[in-house]
Amino acid sequence: MGLSIAQKIIRAHLLEGEMTPGSEIALRIDQTLTQDATGTMAYLEFETMGVDRVRTERSVAYIDHNTLQCGFENADDHRYIQSVAKKHGVYFSRPGNGICHQVHLERFGIPGKTLIGSDSHTPTGGGLGMLAFGAGGMDVAVAMGGGAYHIAMPKLFKVNLTGKLSPYVTAKDVSLEILRILSVKGGVGAIIEWGGAGVSTLSVPERATITNMGAELGATTSIFPSDEVTRAFLEAQGRGADYVPLSSDPDAQYDKIIDIDLSALEPLIACPHSPDNVVPVREIAGTKVDQVCIGSCTNSSLLDMLKVAAILKGKQISPEVSLSISPGSKQVLRMLSECGALSDILQSGARVLECACGPCIGMGFSPNSAGVSLRTFNRNFEGRSGTADARVHLVSPETAAASALTGVITDPRTLGGALNVSLPERFTLDDSAVLAPASPEEAANVEVVRGPNIKPFPACKPVEDELKAQLTLKVGDNITTDHIMPAGAKILPYRSNIPYLSKFCFGVCDADFPQRAIEAGQSIIVGGANYGQGSSREHAALVPLYLGVRAVVAKSFARIHVANLINAGILPLTFANPDDYDGLNQGDMLSLRGVFEGMERGSVTLTDETTGEEIALVCNLTERQRAMLRAGGLLAYTREGGI
């Protein structure tokens, strides 16, 4: 039987395990990336391992999230990351150089390589034919130290593309179509491989948009072939030597096959407050728009920006609309300036923001009260924009630009004609904002700079055989990491200060939770289906750990978050019968007995001491995960020699 692209890369990097879906495998990691919202914690974790120098082929630290410096906190953390990167062999991408996924695609991504990053949208690299995973900071720290990356061997989904996109229909619409088909949890436990004759019609930036949005499916990762389109992109970036052809075997087998005819697609829009709440743009055309944001790691490439500039050229945006443009990298910004497209954007009335994540994570440019905001981003979770009652929609750059001009949601096909925009044969190359690390000989003299905002880790405790704790919080389905540990300009600067950060834990759901958890001493959280979807931020596990959460019981978990819970030493459990969720009430006293034996056999009984009810729970853990929980989490396990 033939192999898929993902199976070929996994086989070449497999250190332990077998490629049987569901079984644990350990992979050798070639590259890592971090960003500054998660990077400070990742490098603090790396330092505790006592490894002098990273052991990957390439590790890069990006500054792209916390670039709004309203106090000393962000600037201090950036100095810490820069100095620790210099000392330990990590390349440092300075503030303003661009968004990690866009820059990595341009300058560092290599087909056939493995990449993990402390950001859930790291699968963007799959647009180049990389096997790229979002992961928690602890997993990235271990990989930088030479350790393997452990995951359950995913299932394999194949999306066959036929036809060609019509004018004003885009890769973003392909992403929204697959979300409409599968939902935000339809890709859990799977790698999505994109293939078929239609693939050759998509550029690398378009492919990267699709693999980026694969994170919203809950997929382990997404990947495209590495073909002549890939070769042309790498050669244009001056990296033709990095090209490696990759394709699946004709007789490769998949667990699910989905067919999409590109020529049959139309402009789509994700309505509040979920990326899979997708309808055709024409169905809600005419809705008043207050704000439009174009950018993010999903849609900030040169190709995206050139299309936007072509739509805006010679026109003025509606006086009722505020429009922001965030180029994805310094390279994109320079080339927009050099070809005159930046002037076309500016004369339209748009505001050009820094080459950074910005509004996507609530770092500035929040909508007005109850405002309708059209964004080319990947997530529209409630409150993520920084405005609690905003109505955030996800759209393509073409739909965004057309709507900015009219002041209402507009199907871009009404503009008529076609956009004659193509990628250049050569990109402007300037890596001056990427700082190389010190040599091993020089590293000993590099001082790591730590600001006062950096606080110690929360104390991890080994899982005990018996646990009695209050149910301090019960939440519903599709709880995101933005619910658990919000982002935004007011909170992100404290990502290295867990005690301060804890004040905001679950603030979107229940502002009284932090105090209630502290008073309880130790507690259990109960959640619904797809608990922990969204970002890879390990703070959504570390902060509950600090607040005394010892176990989370849910109907089901998102992949990265359940890994982060185990890394933090928090026991994840699922209901054997999801209906039992209804019988538990916030405030009940719960107990678990025989946890060690239960972890071995895969099941444990929860007793509701308040009602007397007994509930069967599933405890589906690998041998390594059981050892990690007994040790008190991944760092403790690593220190004991488990790397």
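Mentor: Start with helix α3, residues 72–88, and keep in mind that the model is predicted. Helix α3 has 17 residues and reaches 24 Å from its first C-alpha to its last.

Trainee: What makes 24 Å close to the expected reach of α3?

Mentor: The expected span is 1.5 Å times one less than the number of residues. For the 17 residues of α3 the expected value is 24 Å, and the reach is close to it.

Trainee: Why is α3 called largely enclosed?

Mentor: A residue is buried if its relative accessible area is under 20%. In α3, 12 of the 17 residues are buried, so the helix is largely enclosed by the rest of the structure. Among them are Tyr-80, Ile-81, Val-84 and Ala-85. The cover over the buried residues includes α2 (36–48), β4 (58–62), β5 (91–93) and α14 (440–443). Just after α3, Gly-89 takes a positive phi of about 90°.

Trainee: Is Ile-260 buried or exposed, and how do you know?

Mentor: The limit for buried is under 20%. Ile-260 has a relative accessible area of 4%, so Ile-260 is buried. The residue is found in strand β12, residues 256–261. Leaving aside neighbours within four places in sequence, Ile-260 is in contact with residues including Val-159, Leu-161, Glu-177 and Trp-194. Ile-260 and Glu-177 are 83 residues apart in sequence, yet 8.6 Å apart in space, C-alpha to C-alpha.

Trainee: How many disulfides does a search of the whole structure find?

Mentor: The search finds 0 disulfides. For Cys-70, the nearest cysteine sulfur is that of Cys-357, 16 Å away. A disulfide needs two cysteine sulfur atoms within 2.5 Å, so Cys-70 is in no disulfide.

Trainee: Why does Cys-70 count as exposed?

Mentor: Exposed means over 50% relative accessible area. Cys-70 is at 75%, so it counts as exposed. Cys-339 is at 48% and therefore counts as partly exposed.

Trainee: What makes β7 and β20 edge strands?

Mentor: The open sheet of 6 strands has the order β7-β6-β3-β4-β5-β20, with mixed pairing. β7 (131–134) and β20 (434–435) each have a single partner strand, so one side of each is left without a neighbour in the sheet.

Trainee: How do you know that β3 and β6 pair?

Mentor: Pairing takes at least two bridges. Strands β3 (residues 31–35) and β6 (residues 114–117) have 3 bridges, in the parallel sense, so they pair. Gln-31 stands opposite Leu-115 in β6. Helix α3 packs on the sheet, touching β4, β5 and β20.

Definitions and conventions: Residues numbered from 1 in each chain as written. Predicted model: local features only at pLDDT ≥ 70, side-chain atom pairs only at ≥ 80, totals over all residues. Heavy atoms only, no water. Helix = DSSP H or I, 4+ residues; strand = E, 2+ residues; numbered from the N terminus. Buried < 20%, exposed > 50% of the residue type's maximum accessible area, 1.4 Å probe, protein only. Contact = heavy atoms within 4.5 Å. Axes fitted to C-alpha atoms, helices over the stretch in contact; angles between N-to-C directions.
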